[in-house]
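The sequence and the coordinates are shown first.

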Amino acid sequence: MNILSPELTAVLYLIAAVCFILALKGLSSPKSARRGNLIGAFGALLAMVVVFLSTELDNVLLILGVIALGTAIAVPASRLVKMTQMPQLVALFNGVGGGAAALVALLELTHVDGLGSLIAVAFTVLVGAVSFAGSAITFAKLQELMPTRPIVFPGAPVVISLVALGSLASAVWLVLTGDVLASYVLLALGTALGVLVVLPVGGADVPIVISLLNAFTGLTVAASGLVLGNTLLLVAGTLVGASGTILTRAMASAMGRSVVGILFGAFRGGSTAGSTAMSDRPVRSSSAEDVAILLGYAQRVIVVPGYGLAVAQAQHTMAELATTLEAKGIEVVFGIHPVAGRMPGHMNVLLAEANVPYEVLAEMDEVNPQFKNCDVALVVGANDVVNPAAKTSPGSPIYGMPILDVASARQVVFLKRSMRPGFAGIENDLLFEPQTTLLFGDAKDSLTKVLTAVKNL
Amino acid sequence: MDAITLLTFFVLAVFVGFEVFSKVSSTLHTPLMSGANAIHGIILVGAVIVAGQAESVPVLVVALIAVLLATVNLVGGFVVTDRMLEMFGGRRAPGSASAKEGAK
């Protein structure tokens, strides 16, 4: 249908773009975040109505049917997914967005002329394919369909360089000739490049890669806006590209990493590789009953939850243990490191899901001065974020990363699966200190046993 | 639309994008990423235009695949972000989450 004038269409697209800016702005603060997201959704809905009312379209019923089908897939998937599996769902959504952008550009190729448009098509096809394939690999890693450790095969740097050069060459071929065959080659090489670039990334760094690919997809959407001459796509895509870049850098710096180091670190001798070397220095390990006694007779307990708790999906057991301790008159606070869990802020989401009240979740700066007055620091499945090496040993890969100061607590209890170092691949000296007790095992099993023992005290 | 106008839009949007996220608590990084992810699902607009103007069946089929993928991105993105943010909204009825966990 063509019932909206071009002027009105432009104004309505402008309103949708403003909605997206307000959405991103709203999402930046906890109070307005949910409203921000709804404003964004409203902007998207408005844009969809406008496109149907302002463009001469065939097959409208068919298109609406496919949109209904997509909605019928997406809504239950988003509603039913477990909170711990959220990161891979976001990766998946990002990947399909990149794939859609690549397909749109591919189909527009025969309709465009001019150098600028051809460059935009080449960019969208290539980066969209990289984003699609890269996101598929991050999904597989997070879902543990494939090993989460960095995968480096012999000659990988050479292969990646060749594929990258081939992609560039076919992009140039496409821009110069507008040949459809070139776009297929570019699509295939871009897909290969996406796979190759993400394979060497270690499991702990995958969230940062998702954020980076998210920014990439934003830019492809912006480029397809150029191809289609659609300002809304241009503005929305650019917004996501720019803000996604900032977010990626913020995430990387919260984890004490650099984006380049994450993408190419595995080739430089594996600083991203989680070491599996075991230490043979003596530690004090104990039983769940001993840990229960430590906790049950404490006055103040600070819980430091980490990746291990998220992986074991032990947040509900943890919450129940906290409630049980509180019922005994013990003060329990959760100290949340900015990057605890699988993504920055992920731990807050997980604990909120387990009904841990927002007031007992303390951020790092707030909780650090409290450790010296606390009887027991209970570290559940965290390691690097409490490693004093970040403060004391300048040579360490995590040196300079802000940490939770558990070392100053009177007693430290670690619930760990094994003596393996964390993702940074370095030993934690705190494990060997006299005030430290270790309880080995899966976080959920250990917490269940401790919980039972505390109830029986 | 001429190239200079589009370039102007692009450059201004880059600056807005940089500014809007400059100071954000790390608590919100995950929902922010998810929200930005939903917004680029607006490629659906492009996919719909291409599908609606398809001149042959193969083009229509590929375009409809793009429509499907973009819809999943757009709709799923906003729903999953909302669900994440719901968790920040305060305490829900006690026991509802643990009951759900116990059931599986």
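Which residue in S6(A) does A:Val413 stand opposite? The residue is A:Thr437. The model is a predicted one, in which local features need pLDDT of at least 70, side-chain atom pairs count only at pLDDT 80 or more, and totals for chains, interfaces and linings use all residues; side-chain values use heavy atoms, with hydrogens and water left out. Residues are numbered from 1 along each chain as its sequence is written, while chains are lettered from A and ligands numbered from 1 in the order in which they are written.

Strands and helices here are DSSP runs numbered from the N terminus, with at least two residues (E) for a strand and at least four (H or I) for a helix. Two strands pair if DSSP finds at least two bridges between them. In chain A, strand S5 (residues 411–416) and strand S6 (residues 436–440) pair in the parallel sense over five bridges. S5(A) is also paired with strand S4 (residues 376–380) of chain A, again in the parallel sense and over five bridges. On that side, A:Leu415 in S5(A) is the bridge partner of A:Val380. Five of the six residues of S5(A) are buried, leaving the strand mostly covered. Buried means under 20% relative accessible area, exposed over 50%, and partly exposed in between, with a 1.4 Å probe and protein chains only.

Helix H14 (residues 346–353) of chain A is mostly covered as well, with eight of its eight residues buried. Among them are A:His346, A:Asn348 and A:Glu353, together with A:Leu350 and A:Leu351. Just after H14(A), A:Asn355 takes a positive phi of about 65°.

Leaving aside neighbours within four places in sequence, A:Phe334 is in contact with residues including A:Leu351, A:Val303, A:Met318, A:Val360 and A:Ala362. A nonpolar core is a set of buried Ala, Val, Leu, Ile, Met, Phe, Trp, Tyr and Cys residues joined through side-chain atoms within 4.5 Å. In the largest such core, of 138 residues, A:Phe334, A:Leu321, B:Ile42 and B:Val48 touch the most other members. Helix H4 (residues 57–86) of chain B supplies the largest share of this core, 13 residues. The core lies between domain 1 (81–268) and domain 2 (288–455) of chain A, because both give residues to it; the domain bounds come from an automatic or database domain assignment. A second, separate core of 30 residues includes A:Ala362, A:Ala377, A:Ala382 and A:Met419.

Chain B itself has five helices and zero strands, which follow the pattern α-α-α-α-α along the sequence. Of its 104 residues, 58% are buried. Among the contacts in chain B with a separation of 6 or more, 64% join residues 24 or more positions apart.

Back in chain A, A:Thr124 is found in helix H5 (residues 115–142). With a relative accessible area of 0%, A:Thr124 is buried. Not counting residues up to four places away in sequence, A:Thr124 touches A:Ala101, A:Ala102, A:Ala105, A:Ala129, A:Thr220, A:Ala223 and A:Ser224.

A:Cys19 counts as buried at 7% relative accessibility, and A:Cys374 is buried with a relative accessible area of 0%. A disulfide is taken as a pair of cysteine sulfur atoms within 2.5 Å, and the count over all chains comes to zero disulfides.

Technical notes: Contact means heavy atoms within 4.5 Å.
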